[in-house]
Amino acid sequence: MQHVVIQDHGRSLGVTSERLVIREGGNPEKHIPLRKINTLSIQKNGVSVSSNLLSACARYGIKVFIGDRAQELCCLQGNAQHAVVQNRINQFSFLQQDEQCYRLARAIIYGKIRNQRATLLYFHKQKCSQQKKQAAQQLAANLAQLAESVRYLPHHSQWQSQVMGIEGQAAAQYWQLLSEHKWLGEQFVSRTGRGAQDPANQALNYGYGILASVVWNALTNAGLEVYMGALHAVRPGKPALVLDLMEEYRPWVVDRAVIKLRAELKGDTLKVKTRKKLTANILTTLSNPIPYRGKKVRLESVLQRQCYRLCGLFADEQKYRPLLFRW
């Protein structure tokens with residue numbers, strides 16, 4: 001199963017004999033069997049899609065995402081979902097309790113900080129100066145302390161501001177070190193979200209958009225409501241649970257892929273060639289096996305299992321443990 005990402009305008013998408021057909025001007029057609037497609041993500045304006053293809057995607061359970069500049073604008077899916085109504089009932093009941101929201105939010109931020117630490121150590125174990133290694137090791141120790149402070153934070157009325165405050169401290173130190181050591185190219189100064197003007201931040205935003213569609217797909221496969229989460233505010237058009245669950249995967253899946261392309265992050269904007277390499281790197285990471293419960297399992301399959309564990313948490317049948325990557 002694969003995620004198909006369309007990144008160039010002028011493409012025409014159709015279906016022939018149960019295969020996705022991608023056309024572009026006078027170039028040869030590309031055919032992909034629908035049974036091998038997990039999601040179809042269109043990340044560029046000016047792409048035409050036939051209604052026959054949308055009907056075929058619905059029959060095969062393929063979700064179609066349409067995004068713009070790393071923001072998912074639309075998710076199309078068929079009526080025959082594998083959603084279990086009871087899962088959503090459990091989710092709503094669970095997330096309406098403040099102490100339960102605290103339990104999930106605390107686990108997610110703990111996982112995110114630990115994975116930021118793993119990403120730093122992954123790169124600094126490679127060839128770099130002794131001074132940089134010492135700085136990375138010191139920050140790794142700081143992040144470990146911050147992660148533990150979240151892990152054992154007691155529940156109280158102001159828990160959310162305290163959790164986000166610790167997450168903000170960790171993020172500030174993490175991005176500062178990446179900037180100082182030029183791991184995101186010469187132009188990267190600080191993290192910028194929407195409207196970023198430098199290629200490193202544009203690459204990060206684009207990568208998070210791809211990750212969002214994969215997480216969205218996994219959550220809906222598990223029968224969960226993507227717009228109701230524990231950490232991010234519930235607002236119209238904001239997939240709070242997607243943004244929640246993404247947190248623990250951002251550093252290892254996206255940040256690491258962007259750092260690997262740091263030599264290409266030059267100029268005023270993210271180049272098309274670099275964007276395609278970034279997409280390939282992220283999808284490769286998701287398809288690679290990782291250690292999970294004594295076995296080697298593809299990361300995307302692990303992510304899906306983590307969503308099922310969320311269902312167990314919402315049903316009050318098991319704990320949710322974030323996925324911690326090994327560097």
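This is a predicted model: local features need pLDDT of at least 70, side-chain atom pairs count only at pLDDT 80 or more; totals for chains, interfaces and linings use all residues.

Visitor: Is Glu300 buried or exposed?
Guide: Glu300 counts as buried, because its relative accessibility is 12% and the cut-off for buried is under 20%.

Visitor: Switching to charge pairs: how many salt bridges turn up in the whole structure?
Guide: A search of the whole structure gives twelve. One of them joins Lys276 and Asp8, with the closest N and O atoms 3.1 Å apart.

Visitor: Where do Lys276 and Asp8 lie?
Guide: Lys276 belongs to helix α9 (residues 272–287), while Asp8 is in the loop between β1 (2–6) and β2, so the pair ties together parts that are 268 residues apart in sequence. Lys276 is partly exposed at 38% relative accessible area, whereas Asp8 is buried at 14%.

Visitor: Which residues are linked with Lys276 in a network of salt bridges?
Guide: The network links Lys276 with Asp8, Arg11 and Glu24.

Visitor: OK, what about Arg59, which side chain does Arg59 meet in a salt bridge?
Guide: That would be Glu18, at 4.0 Å from N to O. As for accessibility, Arg59 is exposed at 58%, and Glu18 is partly exposed at 37%.

Visitor: And which side chain meets Glu247 in a salt bridge?
Guide: Lys112 does, and the N to O distance is 2.8 Å. This pair links distant parts of the chain, 135 residues apart: Glu247 is in the loop between α7 (240–246) and α8 (250–260), and Lys112 is in helix α3 (residues 98–124).

Visitor: Are Glu247 and Lys112 buried or exposed?
Guide: Glu247 is buried, with 6% relative accessibility, and Lys112 is buried too, at 9%.

Visitor: Let's change topic to helices. How many residues does α4 have?
Guide: Helix α4 has 22 residues (130–151). From the first C-alpha to the last, α4 reaches 31 Å, close to the 32 Å expected at 1.5 Å a residue.

Visitor: Which residues of α4 are buried?
Guide: They are Ala136, Leu139, Ala140, Leu143, Leu146, Ala147 and Val150. Looking down the axis of α4, these buried residues fall within an arc of 130°, so they line one face of the helix.

Visitor: Why do residues three or four places apart point the same way in an α-helix?
Guide: An α-helix has 3.6 residues a turn, so residues with that spacing point the same way.

Visitor: What do the buried residues of α4 pack against?
Guide: They pack against α3 and α5 (159–180). On the other side of α4, the exposed residues are Gln130, Gln131, Gln137 and Gln145.

Visitor: How many residues are in the largest nonpolar core?
Guide: That core has 87 residues, and those with the most contacts inside it include Leu104, Trp175 and Leu310. Leu104 touches Leu310, and among its other contacts beyond four places in sequence are Leu95, Ala230 and Tyr320. Another core, of 16 residues, lies apart from the largest one, and its members include Val4, Leu13, Ile42 and Cys57.

Visitor: Last topic, the open sheet of four strands: what is the strand order?
Guide: The order is β4-β3-β2-β6, with mixed pairing. β4 (30–33) and β6 (48–49) are at the edges with a single partner strand each, so one side of each has no neighbour in the sheet.

Visitor: How many bridges join β3 to β4?
Guide: Four, and the two strands run antiparallel. Leu20 stands opposite Ile32 in β4.

Visitor: And Thr16, where is that?
Guide: Thr16 is in strand β2 (residues 12–16). Thr16 is partly exposed at 32% relative accessible area, and its contacts beyond four places in sequence are Val21 and Arg23.

Terms used:
Residues are numbered from 1 along each chain as its sequence is written. Side-chain values use heavy atoms; hydrogens and water are left out. Buried means under 20% relative accessible area, exposed over 50%, partly exposed in between (1.4 Å probe, protein chains only). Contact means heavy atoms within 4.5 Å. The expected span of a helix is 1.5 Å times one less than its number of residues. The arc is that of the directions from the helix axis to the C-beta atoms. A nonpolar core is a set of buried Ala, Val, Leu, Ile, Met, Phe, Trp, Tyr and Cys residues joined through side-chain atoms within 4.5 Å. Two strands pair if DSSP finds at least two bridges between them.
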